[in-house]
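I opened this notebook to record a few look-ups, beginning with a single side chain and going on to helix packing and aromatic rings.

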Amino acid sequence: MSVHPNIHESWEEALHAEFAHPYMEKLKAFLVEEKKNHTIFPQGSNIFNAFNSTPFSSVKAVILGQDPYHGPGQAHGLSFSVQHGTPLPPSLQNIFKELVSDIGCPYPKSGDLSHWAKEGVLLLNTLLSVRSGEPFSHKEQGWERFTDQVIRALSEQREHIVFILWGAPAGKKEALIDTRKHLVLKAPHPSPLSSYRGFFGSKPFSQTNAYLQENSILPISWCL
């Protein structure tokens, strides 16, 4: 029997010890209680969407977000991504502006980043669930420990991954990464509050592909 039925077997293998740890049972119990009285995003079937979309051995890059979008029809388990047909959040608009400026892609018509996930980009949030309308409402329940271990597992067991860390909280995760065998790209968060402090012009997409090609890895097709 699998440790967790909703996560890709490659991740189940890499994170086996985490799923067996008591804190994960406490986290599961917390989510069960939350659902009794609140709407939770994303839907339960999408909580581990990032892992099911990008198997452990397929990860070429990681884009680290904070917690899921907390509005209806937005979050579907991929950081910064929204479901097709949903208006683009401001941060995602700025990511797309940098995408156009950096590598000349046409401005995307949809905010669904599933294509990036299939290309090997793990779209990871530090928290994997949130209460409707209440950002960071699921902090300090165990998700931080789990996603830190995701980063550690990738750092320890893989080579030549690009970790794209936007904003100060994400930037602190550099301490979990072996920078001798991986590339870390840090920049301000793409939100309107901070994007003009150095996010624009940071060229994360072209830098990622240059590093991958230097290490004989197929570049990512970023255009959506």
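Which backbone oxygen lies 3.4 Å from a polar atom of the side chain of T54? I found that it is the backbone oxygen of V121, and I note here that the model is predicted.

I then placed T54 in the loop between helix 4 (49-53) and strand 2 (61-65). Its relative accessibility is 1%, so I count T54 as buried, the cut-off being under 20%. Leaving aside neighbours within four places in sequence, I listed W11, V59, A117, G120, V121 and L122 as the contacts of T54.

Next I looked up helix 5 (residues 90-103) and helix 9 (residues 204-214), which pack with their axes 8 Å apart and at an angle of about 55°, which makes helix 5 oblique to helix 9. On the helix 5 side I noted I95, E98, L99, D102 and I103, which meet P204, F205 and S206 of helix 9. By class, this contact has five nonpolar, one polar and two charged residues.

In one of them, F48 and W143 are edge-to-face, with 6.0 Å from centre to centre and 70° between the planes. F48, in the loop between strand 1 (40-41) and helix 4, is 95 residues apart from W143, in helix 7 (residues 143-157). F48 is buried at a relative accessible area of 6%, and W143 is buried at 2%. The rings of F51 and F146 have centres 6.0 Å apart and planes at 65°, so I recorded this pair too as edge-to-face. This pair links helix 4, which holds F51, with helix 7, which holds F146, and both residues are buried.

Methods:
Residues are numbered from 1 along each chain as its sequence is written. This is a predicted model: local features need pLDDT of at least 70, side-chain atom pairs count only at pLDDT 80 or more; totals for chains, interfaces and linings use all residues. Side-chain values use heavy atoms; hydrogens and water are left out. Helices (H or I, at least four residues) and strands (E, at least two) are DSSP runs, numbered from the N terminus. Buried means under 20% relative accessible area, exposed over 50%, partly exposed in between (1.4 Å probe, protein chains only). A polar contact is a pair of N or O atoms within 3.5 Å; within protein, one must be able to donate a hydrogen and the other to accept it, and residues adjacent in sequence count only if both atoms are side-chain atoms. Contact means heavy atoms within 4.5 Å. Axes are lines fitted to C-alpha atoms, for helices over the stretch in contact, and angles run from 0 to 180 degrees between N-to-C directions. Angles under 35 degrees count as roughly parallel, over 145 as roughly antiparallel, 65 to 115 as roughly perpendicular and the rest as oblique. Ala, Val, Leu, Ile, Met, Phe, Trp, Tyr, Cys and Pro count as nonpolar, Asp, Glu, Lys and Arg as charged, and the others, Gly among them, as polar. Rings of Phe, Tyr and Trp (its six-membered ring) pair if their centres lie within 6.5 Å; planes under 30 degrees apart count as stacked, over 60 as edge-to-face and the rest as tilted.
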